[in-house]
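Subject: Handing over the two-chain model

Hi,

Here is the structure I said I would pass on.

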Amino acid sequence: MTYAIQAEGLAKRFKETQALAGVDLAAHTGTVLGMLGPNGAGKTTAVRIFATLLQPDEGRAEVAGHDVVREAGAVRAMVGLTGQYAAVDENLTGTENLLLIGRLLGMPRRDSRARAKELLERFHLTEAAGRAVKTFSGGMRRRLDLAASLVGRPRILFLDEPTTGLDPHSRGELWDMLRGLVADGVTALLTTQYLNEADQLADRIVVIDRGRVIAEGTPNELKAQVGGQVLQVRPVNRAELMTAHVLVMEEAGPQTQIEGDSITVPVKDPALMPAVVRRLDGEGIAVGELTLRRSSLDEVFLALTGHRAEPEQPEEPSEADEAAAVAGAPGEGREGAERAVR
Amino acid sequence: MAATTVAAPLSKSGRVHPLAGLQQTFTMAWRSLVAVKHNPLELVDYSITPIMFVFLFTYVLGGQMAGSPEAYLKYALPGIIVQNTLFMTMYTAMALNTDLTKGVFDRLRSLPIARSAPLIGRITADLAKHVWAMLLMIGLGMALGFRITGGLDGLLLGGALVIVFAAAVSWSAVLIGMLAGDAEKVQAFAFTLIFPITFTSSAFVRVETMPGWLQAWSDVNPVSHLSDAFRGLLLGGPVAGPVLWSLAWAAGIAVVFYPLAMRAYRAKA
């Protein structure tokens with residue numbers, strides 16, 4: 001068996017909505033498959049089918065060689081699921097939540113305890129182990145949720161937007177933990193809205209939109225496909241915006257656009273940025289900000305589909321707001337901040 | 001540590017061995033009970049509220065209703081217990097609804113366990129809480145002057161009857177818990193339903209004092225039958241009629257709500 005996760009022609013309809021309209025995907029054993037797409041793209045539906053929570057209308061899906069419909073029991077015995085919500089019991093302690101899963105899986109009491117202790121240590125939750133989960137922070141809950149999905153040592157993990165609503169620090173921690181699991185040979189299907197996250201963790205990425213796979217490949221292949229990086233230039237004096245636009249266009253070509261008070265252009269040639277700097281300098285235009293940043297998810301979508309990603313509807317607005325506040329930037333510019341040129 | 005892969009006793013299709021299913025059900029019941037330790041509010045629901053009901057009915061209403069608090073307590077305690085038990089079934093609905101909306105059921109369903117274990121485990125744990133509240137109220141009632149003149153078998157049979165009835169009503173609670181959008185709606189819906197049903201019965205007053213049309217309803221009201229049966233068993237006296245009616249109602253409620261509840265549970269959780 002070469003594929004741990006495999007689907008062919010997966011389709012699912014909810015009343016008016018065609019959630020999945022024929023999805024093919026596959027993940028080799030021991031790799032991470034990133035599923036990238038906006039809210040409502042069908043990511044969660046796909047994960048729920050793989051985790052045996054939903055049955056597909058058409059097509060078939062196999063996990064570790066077992067059909068998710070006919071051999072649901074065999075699939076359940078091999079997978080772990082971490083959903084968009086931290087599905088842990090608020091009124092139990094961290095330890096009790098893990099004991100619950102261990103006992104449900106038929107582990108003897110002693111083994112359940114040992115496993116709970118081991119996982120709490122691994123996820124840096126030992127100090128909070130005896131506290132009710134309702135006192136946990138968002139990041140701690142997610143870590144406990146991930147730990148809960150690992151109690152039975154699943155060989156295949158489904159992670160549905162595991163970092164949505166987390167601050168960058170907690171997100172980084174969760175990434176490290178996932179890398180550790182994959183190093184142990186676990187196969188994972190990871191859905192995310194963040195290109196950066198898929199880039200960091202996935203061996204291959206499928207981009208999904210409106211229930212269809214619209215692009216597929218390694219992170220590098222995808223980035224090449226959508227133009228990779230974007231150069232953003234903001235003149236100090238807004239009155240010079242048009243002049244600067246014309247100058248940049250002469251260097252970079254017709255894809256140059258004005259967005260707000262900046263000029264943006266996709267970059268394929270590494271020599272472009274120095275050329276733009278020289279040109280603007282030569283014309284005496286003072287540049288307030290010059291940034292080279294990776295394509296955002298929005299730009300991936302624009303490039304791949306010709307339409308922008310649907311507006312985000314965060315399901316946990318308070319936590320999402322917190323995350324944005326910690327990041328200190330509204331979403332897109334975040335990844336580019338470190339690469340800003342002075 | 002060597003990888004001790006868990007071999008849950010189940011077939012490929014997901015059928016779970018009955019013994020494993022039983023153990024999973026007990027594990028789920030344990031979960032519901034151990035949660036009380038970290039959630040003192042639940043203790044209020046299952047202990048303070050019942051105690052408050054007994055005190056309020058006895059000392060506020062007792063004098064006017066029956067001449068003295070003790071005299072009224074003798075009539076009303078079984079009814080107060082029945083009412084409290086029915087209210088408490090709605091905690092089952094709220095807890096299931098919370099599991100549903102918080103994604104806990106998703107996690108449980110992705111595990112190789114019996115599909116019914118989370119549901120039956122919850123109901124089992126909640127019935128244990130019913131027994132606890134009932135014992136608390138009877139103990140308090142006796143401290144305030146209530147006497148069980150029907151003997152120990154009367155107490156056991158009466159208690160069992162109320163629990164059987166509660167188990168039947170639990171299936172309506174399951175249905176409400178599955179269909180409601182959130183736990184607050186469960187509460188609002190449940191209380192607007194249970195309040196009038198319990199108060200238009202013989203739980204707290206003799207129905208002869210009601211207007212004729214209300215008496216007609218009260219005579220068929222299951223809460224009347226259950227209260228009369230429980231009262232008769234605790235105090236001694238003829239109880240065959242009310243006991244049979246109570247059992248018939250319990251069976252009827254279960255026959256209607258069990259399939260509806262299971263269908264909603266399978267569709268949603």
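Below is what I found, starting with the ground rules and then going through the chains.

This is a predicted model, in which local features need pLDDT of at least 70, side-chain atom pairs count only at pLDDT 80 or more, and totals for chains, interfaces and linings use all residues. Residues are numbered from 1 along each chain as its sequence is written, while chains are lettered from A and ligands numbered from 1 in the order in which they are written.

**Chain A overall**

Chain A has 12 helices and 14 strands (helices are DSSP runs of H or I with at least four residues, strands are runs of E with at least two, and both are numbered from the N terminus). Of its 342 residues, 46% are buried. A residue counts as buried if 20 or more other C-beta atoms lie within 10 Å of its own, as exposed if 12 or fewer do, and as partly exposed in between, with C-beta atoms placed from the backbone. Among the contacts in chain A with a separation of 6 or more, 69% are between residues 24 or more positions apart (a contact means C-beta atoms, placed from the backbone, within 7 Å).

Have a look at α1(A), residues 43-50, where eight of the eight residues are buried. That list runs K43(A), T44(A), T45(A), A46(A), V47(A), R48(A), I49(A) and F50(A). After α1(A) comes T52(A), with a positive phi near 70 degrees.

Then there is α6(A), which covers residues 168-183. Its 16 residues reach 22 Å from first C-alpha to last, close to the 22 Å expected at 1.5 Å a residue (the expected span is 1.5 Å times one less than the number of residues). S170(A), R171(A), L174(A) and L178(A) are the buried ones in α6(A). Seen down the helix axis, they fall within an arc of 100 degrees, so they line one face of α6(A); the arc is that of the directions from the helix axis to the C-beta atoms. Those buried residues pack against α5 (138-150), β8 (187-192) and α7 (195-201) of chain A. On the face turned away from the buried side you will find the exposed residues H169(A), D176(A), G180(A) and A183(A). G185(A), which follows α6(A), has a positive phi near 100 degrees.

K15(A) sits in the loop between β1 (3-14) and β2 (17-28) of chain A. It is not a glycine, yet its phi is positive, about 40 degrees. K15(A) counts as exposed because it has 4 other C-beta atoms within 10 Å.

E161(A), in the loop between β7 (156-160) and α6 of chain A, also has a positive phi without being glycine, near 45 degrees. With 23 other C-beta atoms within 10 Å, E161(A) is buried.

L105(A) is in the loop between α3 (94-104) and α4 (109-122) of chain A, and its 23 C-beta neighbours inside 10 Å make it buried. L105(A) and G152(A) are 47 residues apart in sequence and 6.9 Å apart in space, C-alpha to C-alpha.

**The cores**

The largest nonpolar core has 147 residues, of which F50(A), L144(A), L189(A) and V174(B) touch the most other members. A nonpolar core here is a set of buried Ala, Val, Leu, Ile, Met, Phe, Trp, Tyr and Cys residues joined through C-beta atoms within 7 Å. Its largest share, 17 residues, comes from α3(B), residues 69-101. Apart from it lies another core, of 12 residues, including V233(A) and L247(A).

**Chain B and where it touches chain A**

How many residues of chain B are in contact with chain A? There are 30, and they meet 31 residues of chain A. On the chain B side, α1 (18-38) and α4 (104-109) are the elements giving two or more residues, and α1(B) gives the most, with seven.

Finally, W249(B) lies in α10(B), residues 240-268, and is buried, with 20 other C-beta atoms within 10 Å. Leaving aside neighbours within four places in sequence, W249(B) is in contact with P222(B) and H225(B).

Cheers

Notes
Contact = placed C-beta atoms within 7 Å.
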